[in-house]
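Good morning, colleagues. Please look at the model now.

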Amino acid sequence: MTAAAAAAAPGDTNNNLTAGKHVPAALQLKTGQTFHGQSFGAARTVSGEAVFTTSLVGYPESMTDPSYCGQILVFTQPLVGNYGVPGSARDAFGLLKHFESERVQVSGIVVGDYAERYSHWNAVESLASWCARNDVPAITGVDTRALVHLLRDQGSTLGQLAVGPSDVAMSSDEIAWADPNADNLVARVSVKEPVVYNPSGDVKIALLDCGVKQNIIRSLVKRGASVTVLPWNYDFNAVAQQYDGLFLSNGPGNPEKATQAIEHLKVTLATYQRPIFGICMGNQLLGLAAGLPVKKLPFGNRGHNQPVVNTRNGRCLITSQNHGYALCDENMPAGWHRYFVNANDGSNEGIWHESGLVSSVQFHPEAKGGPMDTEYLFGEFLATVRAEKLKRDGVHLWSGVEVAQRVAAKPAPIKATA
Ligand SMILES: NC(=O)CC[C@H](N)C(=O)O
């Protein structure tokens, strides 16, 4: 029996509030409210932006998603931890199979009812021991429904998650009310040097890493592309002709803080004639470079059931999301159009350019977690990249209309020569 199977054996009791069973913990909001509970993670105090997600599953993916860096994540799903945490297996491309980056990215988590017993064929440890090992505080026993109502009413709020006897937990003034969005969080999570995946791919994609999820890279390489992950502030324009397309990743924090990336992208948009596609932070950076403003949403859209309407065909799709900012798309710059719109709050969910080469979406087509309805966008992007490459190579792709015309023309049969 493997360690994973042993850990997940039915009836196994992982009564694993390792960092101190029944040790009190509290979430204190800068707006003055305090929520008490018990610690089940690391015994330390953190600060961050308290945000909530309505996702039902996918805590290992969400907690390792770099877009959550600097945030204290509140789950509306009351029961969390019941399927444990998987191991760090990798796929044939060297990408993590079950996590979205190399580390836990959230500052802390808040749950209603931590499941002390977990069971899943793929689990190797409990959520509590994973949090403790990764120095991430976690609190259970919180009335998350009341907390989420509050965050909906007053908006995402700075918070401190403090662990220890209640008097200690409540005297956490030495932890500043640091606003993570005042910093450029992208610089914290991006690679420092270029990294290449699937070097033998038929098309070469440069991926600007603002905090990319593993499944975004996988979604490109498993469709045959070679992907070079570049640091967020790498001057792509200096090497642009080496790549068949540019991909702009997701990432944490306020997009306006990633000024170097925005400045580089302005040049890219003016000079690069090849396909560009962006996701989430990528959508925001592309919009900012194109001249659109960005705004902070009151409490953001985080969950796996966010409906978006494709303005080009009217179809509504269910998507995975986690963002606190959105492009203001009321006045689109010349040549640019809205691509998707959120069906709940009308916020921007994507933009496209009339060249047919540039587009981006605010949601997460790679899911992990969440529905796969929009995964086709990776296929569309790579189809455009390949078609453009063939054009440059002088190969003409026959359109359906052209093929039909040739069939209808019925060329005369070749006459036998005497
Ligand atoms: N997932 C993302 O890329 C999030 C983008 C940005 N940090 C926001 O919160 O809006």
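Val80 is found in strand E5, residues 79–80; helices (H or I, at least four residues) and strands (E, at least two) are DSSP runs, numbered from the N terminus. Residues themselves are numbered from 1 along each chain as its sequence is written. This is a predicted model, in which local features need pLDDT of at least 70 and side-chain atom pairs count only at pLDDT 80 or more, while totals for chains, interfaces and linings use all residues.

Is Val80 buried or exposed? Val80 is buried, because 22 other C-beta atoms lie within 10 Å; the cut-off for buried is 20 or more other C-beta atoms within 10 Å, with C-beta atoms placed from the backbone, against 12 or fewer for exposed and partly exposed in between.

Leaving aside residues up to four places away in sequence, Val80 touches Tyr59, Phe75, Val111, Tyr114, Ala115 and Leu127. Contact here requires C-beta atoms, placed from the backbone, to lie within 7 Å. Between Val80 and Lys295, by comparison, the C-alpha to C-alpha separation is 32 Å, and they are 215 residues apart in sequence.

Let me turn to the domains. The assignment, automatic or from a database, gives domain 1 (3–179) and domain 2 (186–392). Their C-alpha centres lie 28 Å apart. At the boundary, 26 residues of domain 1 are in contact with 28 residues of domain 2. Strand E3 (46–53), helix H2 (59–63) and helix H4 (144–154) each supply at least two residues of the domain 1 side, and E3 gives the largest share, three residues.

Conventions. Contact = placed C-beta atoms within 7 Å.
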